[in-house]
Amino acid sequence: MADKEVLTEEQIAEHLKKIPEWKLQEGWITRVYKTPGFPHTLLVANTIGYMAEAADHHPDLELGYARAKVKLQTHSAKGITMKDIELATQIEHSIGWKPGEDSALEGKSKNWVK
Ligand SMILES: C[C@H](O)[C@H](O)[C@H]1CNC2=NC(N)=NC(=O)C2=N1
């Protein structure tokens, strides 16, 4: 099945153009979210946990006081597959979401996750 095929470095680079904060690093695609502190770090971890469970595909997480590092690879395929690209894209959209300019919601302006 196509979603189990290991992607080449060139294919990965092409997909990462759409989520440019993600990098290929030693066989993983990775992203560091900087947070204003530990409570937000845990919110990030929980949001990612929910996505991972819904997807039945799971990243490694490294949590610090004000950072969450996310690492994805497909263990069963021993490489990066479309499962990793799709979950990274979903994580990026979920963590990066904020109400738009025309929204009724004000949203948090400062001290948020980057
Ligand atoms: C049965 C279950 O779906 C598999 O073991 C899944 C669970 N989550 C997984 N996550 C990741 N990153 N790689 C896998 O190979 C993997 N396998």
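User: Against which helices and strands do the buried residues of H3 pack?

Analyst: This is a predicted model, and in it helix H3 covers residues 82-96, reaching 21 Å from its first C-alpha to its last, close to the 21 Å expected at 1.5 Å a residue. Its buried residues are Asp-84, Ile-85, Leu-87, Ala-88, Ile-91 and Ile-95. An α-helix has 3.6 residues a turn, so residues three or four places apart point the same way. The elements that the buried residues of H3 pack against are helix H1 (9-16), strand S2 (28-34), helix H2 (38-55) and strand S4 (67-72).

User: In what order do the 4 strands form the open sheet?

Analyst: The pairings can be taken one at a time: S1 and S2 run antiparallel and are joined by 3 bridges, while S2 and S4 pair in the antiparallel sense over 6 bridges. S3, residues 60-63, pairs with S4 in the antiparallel sense as well, over 4 bridges. The 4 strands therefore form an open sheet with antiparallel pairing, and their order is S1-S2-S4-S3.

User: Which are the edge strands, each of which pairs on one side only?

Analyst: The open sheet has the order S1-S2-S4-S3, with strand S1 (23-25) and S3 each pairing on one side only. From one strand to the next the twist averages 30°. The edge strands are accordingly S1 and S3.

User: Which residue in S4 stands opposite Val-32?

Analyst: Val-32 belongs to the uncovered face of S2, together with Trp-28, Thr-30 and Lys-34, whereas the covered face of that strand is made of Ile-29, Arg-31 and Tyr-33. S2 and S4 pair in the antiparallel sense, and in this pairing the residue of S4 that stands opposite Val-32 is Lys-69.

User: Which residue stands opposite Lys-71 in S4?

Analyst: S3 and S4 form a hairpin with 3 residues between them, and the two strands pair in the antiparallel sense over 4 bridges. Within this arrangement, the residue opposite Lys-71 is Asp-60.

User: At about what angle to S4 does H2 run?

Analyst: H2 is one of the elements against which the buried residues of H3 pack, and it also lies across S2, S3 and S4. With its direction taken relative to S4, H2 runs at about 25°.

User: Is Thr-41 buried or exposed?

Analyst: Thr-41 is found in helix H2, and, leaving aside residues up to four places away in sequence, it touches Thr-35, Leu-63, Gly-64, Tyr-65, Ala-66, Arg-67 and Ala-68. Thr-41 has 21 C-beta neighbours inside 10 Å, and the cut-off for a buried residue is 20 or more. Thr-41 therefore counts as buried.

User: What is the phi of Glu-26, in the turn of the hairpin formed by S1 and S2?

Analyst: Most residues other than glycine have a negative phi, and most peptide bonds are trans. Glu-26 lies in the loop between S1 and S2, and those strands form a hairpin with 2 residues between them. Glu-26 is exposed, with 7 other C-beta atoms within 10 Å. Although Glu-26 is not a glycine, its phi is positive, at about 50°.

User: How far apart in space are Lys-78 and Glu-5, C-alpha to C-alpha?

Analyst: Lys-78 has its place in the loop between S4 and H3 and, though not a glycine, has a positive phi of about 55°. With 10 C-beta neighbours inside 10 Å, Lys-78 counts as exposed. Lys-78 and Glu-5 are 73 residues apart in sequence, and their C-alpha to C-alpha separation in space is 9.9 Å.

User: How many residues of the shell around the ligand are polar?

Analyst: The ligand is surrounded by Asp-56, His-57, His-58, Thr-74, His-75 and Ser-76. Sorted by class, this shell has no nonpolar residues and 1 charged, and Asp counts as charged. The number of polar residues in the shell is 5.

How values were computed: Residues are numbered from 1 along each chain as its sequence is written. This is a predicted model: local features need pLDDT of at least 70, side-chain atom pairs count only at pLDDT 80 or more; totals for chains, interfaces and linings use all residues. The expected span of a helix is 1.5 Å times one less than its number of residues. A residue is buried if 20 or more other C-beta atoms lie within 10 Å of its own, exposed if 12 or fewer, and partly exposed in between; C-beta atoms are placed from the backbone. Two residues are in contact if their C-beta atoms, placed from the backbone, lie within 7 Å. Axes are lines fitted to C-alpha atoms, for helices over the stretch in contact, and angles run from 0 to 180 degrees between N-to-C directions. A residue is near a molecule or strand if its C-beta atom, placed from the backbone, lies within 6 Å of it.
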